[in-house]
Amino acid sequence: MELSYWEKQSYFGNIHLLIIGSGIVGLNAAIAFKTKYPQAKVVVAERGLLPLGASTKNAGFACFGSVSELADDLSHMPESTVWETVKLRNDGLKKLKKLLGEKNMNYLPLGGFEVFDSKSDFETCAELIPAFNKKMQSVLRLKNVY
């Protein structure tokens with residue numbers, strides 16, 4: 001597609017910030033920048049008509065980690081990093097809910113489900129639930145997350 005001179009000037013001239021990707025991270029970056037610099041020109045570019053990245057791959061779920069996901073993370077990351085990441089995800093979700101409002105997000109705290117293809121993986125994760133719930137109580141102040 002060839003843009004005209006005027007399209008180039010109006011859409012892409014004098015940009016202060018160009019964000020690649022219109023998913024949740026890109027749009028939040030744009031909002032944060034515009035909040036701090038209201039006069040700035042911010043352009044958010046997306047490769048297709050709709051966002052095609054990770055924000056659409058999770059089907060709109062807002063989560064901070066399932067038992068199997070966190071167990072996998074713990075197998076190759078320091079424990080402090082895993083739980084700090086959980087806290088950061090939850091803090092981000094809180095900020096997003098405050099910014100947009102739960103109603104506008106159609107936010108429904110319905111919990112989650114996991115599907116296992118082996119009994120041993122299920123049993124391993126099931127055994128972790130009490131310890132993970134205890135950790136979530138200390139990290140997020142939430143009871144019985146799993």
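Helix axes here are lines fitted to C-alpha atoms, over the stretch in contact in the case of helices, and the angles between N-to-C directions run from 0 to 180 degrees. Helices (H or I, at least four residues) and strands (E, at least two) are DSSP runs, numbered from the N terminus.

## Basis of the model

This is a predicted model, in which local features need pLDDT of at least 70 and side-chain atom pairs count only at pLDDT 80 or more, while totals for chains, interfaces and linings use all residues. Residues are numbered from 1 along each chain as its sequence is written, and side-chain values use heavy atoms, with hydrogens and water left out.

## Packing of α4 on α7

Two packed helices are described by the angle between their axes and the distance between the axes. For helix α4 (residues 67-76) and α7, the axes cross at roughly 85° and come within 10 Å. The two helices are therefore roughly perpendicular to each other, where angles of 65 to 115 degrees count as roughly perpendicular, under 35 as roughly parallel, over 145 as roughly antiparallel and the rest as oblique.

Contact means heavy atoms within 4.5 Å. On the α4 side, Val67, Ser68, Leu70, Ala71 and Leu74 meet Cys125, Leu128, Ile129, Phe132 and Met136 of α7.

## Packing of α5 on α7

Helix α5 (residues 79-100) also packs with α7, at an angle of about 60° and with the axes 10 Å apart. This pair is therefore oblique. The crossing of α5 past α7 is right-handed; a crossing is right-handed if the near helix is turned clockwise from the far one by less than a right angle, and left-handed if anticlockwise.

The α5 residues Glu79, Trp83, Val86, Lys87 and Asn90 meet Phe132, Lys135, Met136, Val139 and Leu140 in α7.

Trp83 belongs to helix α5 and is buried, with a relative accessible area of 6%. Buried means under 20% relative accessible area, exposed over 50% and partly exposed in between (1.4 Å probe, protein chains only). Apart from neighbours within four places in sequence, Trp83 is in contact with Leu70, Leu74, Phe132, Lys135, Met136 and Val139. Gly65 is 18 residues from Trp83 along the chain, and their C-alpha atoms are separated by 9.9 Å.

Asn90, in helix α5 as well, counts as buried at 7% relative accessibility. With neighbours within four places in sequence left aside, Asn90 is in contact with Phe64 and Leu140.

## Aromatic pairs

The structure holds six aromatic pairs. Rings of Phe, Tyr and Trp (its six-membered ring) pair if their centres lie within 6.5 Å, and planes under 30 degrees apart count as stacked, over 60 as edge-to-face and the rest as tilted. Tyr5 and Trp6 form an edge-to-face pair, 4.8 Å centre to centre with 80° between the planes. Both Tyr5 and Trp6 are exposed.

Ring pairs also link Trp83, Phe132 and Tyr146 into a cluster.

## Cysteines

A disulfide is a covalent bond between the sulfur atoms of two cysteines. Here it is taken as a pair of cysteine sulfur atoms within 2.5 Å, and the count comes to zero disulfides. Cys63 is in no disulfide, the nearest cysteine sulfur being that of Cys125, 15 Å away. For Cys125, the closest cysteine sulfur is in Cys63, and 15 Å is too far for a bond.

Cys63 is exposed, with a relative accessible area of 54%, whereas Cys125 counts as buried at 8%. Cys125 is one of the α7 residues that meet α4.

## Loops and positive phi

Most residues other than glycine have a negative phi. Asn106 has a positive phi, near 55°, and lies in the loop between α6 (102-105) and α7 (119-140). Its relative accessible area is 59%, so Asn106 is exposed. Arg141 also has a positive phi, near 65°. Arg141 is placed in the segment after α7 and is exposed, with a relative accessible area of 63%.

Leu49 sits in the loop between β2 (42-45) and α3 (54-57). With a relative accessible area of 89%, Leu49 is exposed. Leu49 and Lys36 are 13 residues apart in sequence, and their C-alpha atoms are 28 Å apart in space.
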